[in-house]
Amino acid sequence: MQAFEYSKPASVADAIRAAGGGDAKLLAGGQSLLASMKLGLAAPSALVDLSGIGELSGITVSGGQVTIGAMTTHAAVAASAEVRQAIPALAKLAGLIGDRQVRNRGTIGGSLANNDPAACYPAAVLGLGATVRTNQRSIAADDFFKGLYETALAEGEVITAVSFPVPQQAGWEKMRNPASRFSLVGVFVSRGPAGTRVAVTGAGACVFRVKALEDALSANWSAAACDGVKVSADGLNTDLHGSAAYRAALIPVLAGRAVAGA
């Protein structure tokens, strides 16, 4: 492990000041960053721990929106009676992330800022048409995810919360790696205030929507509507866990299962 400075500010403003300049990193749950440091893939000179900022944690439901603070853990989302009632698929997704340690340490804000191509939360954010709120602005889900480990966040910008519109129906299914529990392919479907949306994670370099499935489900919200939809394998991932063609074939299958479970 490399030597680094450590601080635990009590406000977002203090965290931004502490992280300013150099190669300091903000520390949320640490489930990705600390692993990268142990492997020698990252060596920040300082870590700024966000866990002391109370305003970044918590869940509220109001005005047809579920708002989750950036430092809220996956376990807290999965266990929330309010989330289970308003958006059961979101609670289900949170409860299937990683293992107990990951769920009790990992945070929604950390997951979104990292934007791992196989992470689960990006599919929920894009699949529900959520809004990512920062210390500077509000960013629509369709504008937030830019590419492999890349988001719309600017330097000095920190995720403070995520607001999800409560849908009429939503569902989540994933084919998971049995070791890491990351999604080989994960599909989040919803219909509601943001329209009919289908978001896929694990299949490409970044979470993405599938228009063909959205069109089919807009016309007929049923598992059967996904059966005849073909998804192109162009640009999808091929690795030791599955080919691009395999992932393309999984997408409509998992979408159908998600609809059936919605």
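**View 1. Nonpolar surface patch of Met1, Phe4 and Tyr6 in the predicted model.** Together, these three residues present about 350 Å² of accessible area and form a nonpolar patch on the surface. Met1 belongs to the segment before S1. Met1 counts as exposed because its relative accessibility is 65%, and the cut-off for this class is over 50%.

**View 2. Open sheet of three strands.** The strand order is S1-S3-S2, and the pairing is parallel. Strand S1 (5-7) and strand S2 (25-27) are the edge strands, each of which pairs on one side only. From one strand to the next, the twist averages 25°.

**View 3. Pairing of S2 with S3.** Strand S3 comprises residues 46-49 and runs parallel to S2, to which three bridges join it. Within S3, Asp49 is the bridge partner of Leu27.

**View 4. Helix H1 across the strands.** Helix H1, formed by residues 12-19, lies across S1, S2 and S3. The helix runs at about 175° to S3.

**View 5. Helix H8 and the residue that follows.** Helix H8 spans residues 121-128 and is mostly covered, with eight of its eight residues buried. The buried residues of H8 are Tyr121, Pro122, Ala123, Ala124, Val125, Leu126, Gly127 and Leu128. Each is classed as buried because its relative accessible area is under 20%.

How values were computed:
Residues are numbered from 1 along each chain as its sequence is written. This is a predicted model: local features need pLDDT of at least 70, side-chain atom pairs count only at pLDDT 80 or more; totals for chains, interfaces and linings use all residues. Side-chain values use heavy atoms; hydrogens and water are left out. Two strands pair if DSSP finds at least two bridges between them. Helices (H or I, at least four residues) and strands (E, at least two) are DSSP runs, numbered from the N terminus. Axes are lines fitted to C-alpha atoms, for helices over the stretch in contact, and angles run from 0 to 180 degrees between N-to-C directions. Contact means heavy atoms within 4.5 Å. Patches are made of residues with over 30% relative accessible area and no salt bridge: like charges are joined within 9 Å, nonpolar side chains (Val, Leu, Ile, Met, Phe, Trp, Tyr) within 5 Å. Accessible areas come from the Shrake-Rupley method with a 1.4 Å probe; for residues, only the protein chains shown count as cover. A salt bridge is a side-chain nitrogen of Lys or Arg within 4 Å of a carboxyl oxygen of Asp or Glu. Buried means under 20% relative accessible area, exposed over 50%, partly exposed in between (1.4 Å probe, protein chains only).
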